[in-house]
Amino acid sequence: MPVVEAASSTLVLVTGCTGYLAAHVTQQLLRKGFSVRGTVRSKAKGEYLDDLFRREGIDRHWEWVVVEDLQKDGAFNEAVRGVDAIEHTASPFTYEMNDPWEDLIHPAVNGTLALLNAALMEPKVKRVVITSSIAAIMDPKEGYYTFTENDWNEASVPLVEKCGKEAGASQAYRASKTLAEQAAWKFVKDYTVDGKAPFDITTVNPSLIFGPPIHQFSGPSGLNASVNIWYQFLLGNKTEQDAITVNNTFVDVRDVAAIHVAALTSEAASNQRFIVNNGTLFYQAFLDYLHSPAQASLISAFPNTIKGIPGYAQPLGNVLDASKAKRVFGWEPIPWEETVEEDIDELVELRARQRTFDGAYVRTALGNFGYALIILKVFTPEFAKIGLLYVILSSLLLIVSSVRAKRSDHDFADIYRPTTSIVRDDPASVLEPGPRIWGRPFRTSGYVVVLFMLLK
């Protein structure tokens, strides 16, 4: 099957392009010169990416379309019109699961099949790259086992079939990734006639993904699961036992995105699976690195970060063999120290913004209390209602501040900060900072007072 070329004449569809990984895939496609069309769930999320790519100067060949329900029949029919290739990254995951089939498995499988059926309607489509996971490869093995692309997870689906919700969200997710990828391979096989398929597919199976987020997200709850676990270590919400017992695998989000892009243009990637993994994840090693004297400034923003048990020996575990991806794509993983440092940089900023936003509400509330005291003390009694109004506003702001601090349910993604290139060995392109955005709480009380005086 002929592969696509990295040129503006090549239009690539990226599903779920506002996600943690997908935003990086989209960014790297645009940097390589592709034209990109992304699917988003809402107009606001599309506009966030508009601003992100415009600030880097790579938005010329970028567009987005709203696809609200990925499972709906014909959901992708318009989105695939005129595209040459597809990067299918959209897949659900939630810990708040009532039914593993309805909440995770069916959306993953049906979303994949809906996309592939839509691709059949566009004769220009040459390749579909699908984000799978090591969850579709790894299952419990006796002793120490080396997993390759020939392995499949044969444990999670039967477990979910037997136990249902009691199997847990993690096993349900593993089952969803396994069944979605298997459905994709079966789809291509079913539509292959005389050895020819309408298009070929490539699946990318990454391990736990870390690295700097560039997508729009609402506080820590908007981080991907693996980065959020790391964030909890930094906040001091994990234990020493957590640091020494977690022994998993990891890879940088930028590496995973790069493999997605390379898979579009490589003939050798046709109808292949690729494990994308940098090594074994051991949180104690990360913590030892962060608490070293050389990283004192990096860790200073998180004084509650646990130390775990310094120097604790990493236990032996299963191995994920990523040699195929390294050989086919010439891939050299980003060093894990760089991943940690740049991840922490973004989390430091998130933490700072969290404190700044929460603090803004508190400061505004206290300021309004001050206005109330001045009005009640200095002005005549007829102004008392305005003073009391300030008291009410201040109380409401304190309540809002408390709720926001607990829920972290506001947007930490700062699209107004200067941007630099994150491609290694590229010179950083420093851009001008955007306009300062004044918080609404500083204006709300004034608007209410003016309205009150007009009504009076």
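Is Cys-163 buried, exposed or partly exposed? In this predicted model, Cys-163 has a relative accessibility of 31% and therefore counts as partly exposed, since that class lies between the 20% limit for buried and the 50% limit for exposed. As for bonds between cysteines, the count comes to 0 disulfides.

Let us turn to a pair of helices. Two packed helices are described by the angle between their axes and the distance between the axes. Here the pair is α3, spanning residues 100-120, and α5, spanning residues 169-190; their axes lie 9 Å apart and meet at an angle of about 20°. Because angles under 35 degrees count as roughly parallel, α3 is roughly parallel to α5. The crossing of these two helices is right-handed.

If you follow the contact along α3, you will meet residues including Trp-101, Leu-104, Ile-105, Val-109, Leu-113 and Leu-116. On the α5 side, the contact residues include Ala-172, Tyr-173, Leu-179, Ala-183 and Phe-187. Taken together, the residues of this contact divide into 18 nonpolar and 3 polar, with no charged ones. Thr-112 and Asn-117 of α3 and Ser-176 of α5 are also among the contact residues.

A last stop is Ser-132, in the loop between β5 (127-131) and β6 (146-147). Its relative accessible area is 4%, so Ser-132 is buried. Leaving aside residues up to four places away in sequence, Ser-132 touches Lys-177 and Glu-181, along with Thr-203, Val-204, Asn-205 and Pro-206.

Note on methods
Residues are numbered from 1 along each chain as its sequence is written. This is a predicted model: local features need pLDDT of at least 70, side-chain atom pairs count only at pLDDT 80 or more; totals for chains, interfaces and linings use all residues. Side-chain values use heavy atoms; hydrogens and water are left out. A disulfide is a pair of cysteine sulfur atoms within 2.5 Å. Buried means under 20% relative accessible area, exposed over 50%, partly exposed in between (1.4 Å probe, protein chains only). Axes are lines fitted to C-alpha atoms, for helices over the stretch in contact, and angles run from 0 to 180 degrees between N-to-C directions. Helices (H or I, at least four residues) and strands (E, at least two) are DSSP runs, numbered from the N terminus. Angles under 35 degrees count as roughly parallel, over 145 as roughly antiparallel, 65 to 115 as roughly perpendicular and the rest as oblique. A crossing is left-handed if the near helix is turned anticlockwise from the far one by less than a right angle, and right-handed if clockwise. Contact means heavy atoms within 4.5 Å. Ala, Val, Leu, Ile, Met, Phe, Trp, Tyr, Cys and Pro count as nonpolar, Asp, Glu, Lys and Arg as charged, and the others, Gly among them, as polar.
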